[in-house]
Amino acid sequence: MIGLVLLAGGKGRRMGLSKPKQFLDLGGKPLFEHSLDLFLQCERIGEIVVVCEQSYRFSSDAVRFADPGSTRLESAKAGVAALCDQCEWVVLHDAARPFVSPDELDQVIDAMQAHGAATVATPVRYSVKEVSADGFVCSTIDRAVVWEVQTPQAMRREWLLEGFAKGWEVTDEATLIERLGYPVKVVTGASRNLKVTTLEDLLLARQMAQQ
Ligand code: CTP
Ligand code: MG
């Protein structure tokens, strides 16, 4: 069975508003509900856990809740721990990414089941350079090999638990799998699957939601 963990336990400090960004309005409903509605409609997902503070919980038969941790990784651990034992596959998604598509979700699940782990990522569209600590260009990195990693990220639960147990400080779960030496298949996502981080992102997302 596939379990989905929706990470909605952050405080949105870079946004700088009192309410965390995932609960702000986006086109008539809270930002997190855009991706949650997609997951609720996906028949391949057997269970959904939303990681969020008590005060933001809602009553639902289709969703269970877990308490957030102080970091994204701690929230992910709490969400995975709340999944039932039958979930041998885990998909994690940032609630702050409202525009994940059904196709991206399907593809990342297919790739996870074929290779053990997968992430959605998008090729970088800019020139990328290595810069020294004192602010000089060292080299130009071949753009063709640089990808911006997004979510959903999906993997065998066993691998994820093995990664959590290492105590590594990482910012996404695919890094755990990579460090363990297991394969992480990359699924090409769209730049539309942006993470709302700043106020500018929120304004852009609100424009996109109207289209
Ligand atoms: N997240 C979480 N628990 C945390 C931190 C983050 O569940 N302790 C979630 C966020 O809610 C978000 C996703 O992880 O959906 C990506 O994190 P990020 O964009 O960094 O969100 P915040 O941590 O809320 O924002 P900031 O870093 O600006 O405070
Ligand atoms: Mg954060």
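Buried means a relative accessible area under 20%, exposed means over 50%, and partly exposed covers what lies in between (1.4 Å probe, protein chains only). The views below show a predicted model, in which local features need pLDDT of at least 70 and side-chain atom pairs count only at pLDDT 80 or more, while totals for chains, interfaces and linings use all residues. Side-chain values use heavy atoms, with hydrogens and water left out, residues are numbered from 1 along each chain as its sequence is written, and chains are lettered from A and ligands numbered from 1 in the order in which they are written.

**View 1. Lys29 pairs with Asp37 in a salt bridge.** Here a salt bridge is a side-chain nitrogen of Lys or Arg within 4 Å of a carboxyl oxygen of Asp or Glu. The closest N and O atoms of Lys29 and Asp37 are 2.6 Å apart. Asp37 is partly exposed at 24% relative accessible area, and Lys29 is partly exposed at 25%. By this rule the count comes to 10 salt bridges.

**View 2. Asp94 meets Arg72 in a salt bridge.** Their closest N and O atoms are 2.3 Å apart. Asp94 belongs to strand S6 (residues 89-94) and Arg72 to helix H2 (residues 72-82), so the pair ties together parts 22 residues apart in sequence. Helices (H or I, at least four residues) and strands (E, at least two) are DSSP runs, numbered from the N terminus. Asp94 is buried, with a relative accessible area of 9%, whereas Arg72 is partly exposed at 25%.

**View 3. Arg72 also forms a salt bridge with Glu173.** The closest N and O atoms of this pair are 2.3 Å apart. Glu173 lies in helix H5 (residues 173-180) and Arg72 in helix H2, so this contact ties together parts 101 residues apart in sequence. Glu173 is buried, at 0% relative accessibility. A network of salt bridges links Arg72, Asp94, Arg97 and Glu173.

**View 4. Ligand 1 has polar atoms close to the backbone of Arg14, Thr71 and Ala96.** For polar contacts, the cut-off is a pair of N or O atoms within 3.5 Å; within protein, one must be able to donate a hydrogen and the other to accept it, and residues adjacent in sequence count only if both atoms are side-chain atoms. One ligand oxygen is 2.8 Å from a polar backbone atom of Arg14. A ligand nitrogen is 3.2 Å from a polar backbone atom of Thr71, and an oxygen is 3.2 Å from one of Ala96.
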